[in-house]
Amino acid sequence: MHNNNSPIKISIIVSTWNTGDKIISTLDSFRQAILSLKEARGVNGEVVIVDNNSSDFLTSSMIQKWCQDNADVAPKFLTEKRKGVCYARNAGAEAARGEILVFTDHDCQLDKHHLVQAVDHVESDSVDVLRAGRLELGDPTDLPLTVQTTPHTIRWEKSQNTTAHTHLGGGALVGCNFVLKKKLFEALGGFDTHLGPGSWLPAGEDTDLVFRAYRKNVPIEYVPDMAVYHFHGRKTAEQARATIKSYILSSGALYAKHNFFHPDLKRKIRVLAKKVQSKILPHKDEKVVFFHHGNDVLAKVDYSAKQKLVFLAQGAGLYFKSLLLKRR
């Protein structure tokens, strides 16, 4: 018989800002996943919710009510006033009591069996692993952005020089479905607060953590059985174009931070530079093309090689500028 007073094994961490009552469906999915974990494995979990200083009253009041109504899943609610998702996630991790941390976003819902799969993976590890899972569209009318639906497991290890032949950059693992032990998260130094939503660079914080782990010989793994559903709400080509630009800017910051230590990152820059130098127009198959209900609605969202190089340079500049300003 499971003892409800036994230690917390797993902590779900989510940060939010001005979501109002939309956060409730996300939190309800957490509750269902924790109850499934208790039933299947006799393991306790908790929900750690971090309000990143919302300016509306509704978000806080809705979360507080949800916590009162769902005390059986040990909810913890705190506020992080410093702007930025990484500040909020780091604060949530510090407050978490679980041995295993699960990071997701306020526009996501966990599959009912997600935590069961997560615990099974971690308990079978012989060494600590940074792991991410499958990311599906929650709303089929959203554009297929920020998803990862590879059907097979992929593992990267520095000792095997895996990145020489298998992509580990943006999109390979997505931060709204990260699972790792708390002690590993602390050893890696948490999320870089110069990156991610709320900072000058609107993305890249998840890939940065992956690169730092890889550089420290931590195995990286993608598994398809830990599923999260993403309700990102982007439906137009204009929204897709803005999203892709934010990813390119953040990639520039990552190149600036990791290029000298992670030489495989140079490959994309060399390809872009060669295209600009030779003035070769990208073939249609090289464009960032997504399909939505059979229609090529995002065929025009790609940027030229020259534009990409400019955005990469801008992203690197923003990262160095943020470092300098923080040191003052």
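User: How do helix H1 and helix H2 pack, and at what angle?

Analyst: This is a predicted model. In it, H1 (residues 23–41) packs with H2 (residues 58–69) at an angle of about 25°. Their axes are 10 Å apart.

User: Why call H1 and H2 roughly parallel?

Analyst: Angles under 35 degrees count as roughly parallel, so H1 and H2 fall in that class. The crossing of H1 and H2 is right-handed.

User: Which residues of H1 and H2 meet?

Analyst: On the H1 side, Ile23, Ile24, Leu27, Asp28 and Arg31. On the H2 side, Met62, Ile63 and Trp66.

User: How many of those are nonpolar, and how many charged?

Analyst: The contact of H1 with H2 has six nonpolar residues and two charged ones. No polar residues take part.

User: Now H6 and H7. What angle there?

Analyst: Helix H6 (residues 205–215) and helix H7 (residues 237–258) pack at about 20°. The axes of H6 and H7 are 10 Å apart. That angle is under 35 degrees, so H6 and H7 are also roughly parallel to each other. H6 crosses H7 in a right-handed sense.

User: Which residues make the contact of H6 and H7?

Analyst: H6 gives Thr207, Asp208, Phe211, Arg212 and Arg215. H7 gives Leu254, Lys257 and His258. By class, the contact of H6 with H7 has four charged, two polar and two nonpolar residues.

User: Switching to H3. Why say it's largely enclosed?

Analyst: Because eight of the 11 residues of H3 (residues 85–95) are buried. The buried ones are Val85, Cys86, Tyr87, Ala88, Arg89, Ala91, Gly92 and Ala93.

User: And Ser15: buried or exposed?

Analyst: Ser15 has a relative accessible area of 10%. Buried means under 20%, so Ser15 is buried. Ser15 sits in strand S1 (residues 8–16).

User: What does Ser15 contact, leaving aside neighbours within four places in sequence?

Analyst: Val50, Val85, Ala88 and His106. Two residues in that list, Val85 and Ala88, are buried residues of H3.

User: Last topic, the largest nonpolar core. Which residues touch the most other members?

Analyst: Phe103, Leu130, Trp156, Leu173, Phe178 and Ile220. That core has 50 residues. H7 supplies the largest share, seven residues.

User: What does the second core include?

Analyst: The second core is separate and has 33 residues. Among them are Leu27, Phe30, Ile34 and Ile100.

Definitions and conventions. Residues numbered from 1 in each chain as written. Predicted model: local features only at pLDDT ≥ 70, side-chain atom pairs only at ≥ 80, totals over all residues. Heavy atoms only, no water. Helix = DSSP H or I, 4+ residues; strand = E, 2+ residues; numbered from the N terminus. Buried < 20%, exposed > 50% of the residue type's maximum accessible area, 1.4 Å probe, protein only. Contact = heavy atoms within 4.5 Å. Axes fitted to C-alpha atoms, helices over the stretch in contact; angles between N-to-C directions. Parallel < 35°, antiparallel > 145°, perpendicular 65-115°, else oblique. Left-handed = near helix turned anticlockwise from the far one by under 90°. Nonpolar A, V, L, I, M, F, W, Y, C, P; charged D, E, K, R; others polar. Core = buried A, V, L, I, M, F, W, Y, C linked by side-chain atoms within 4.5 Å.
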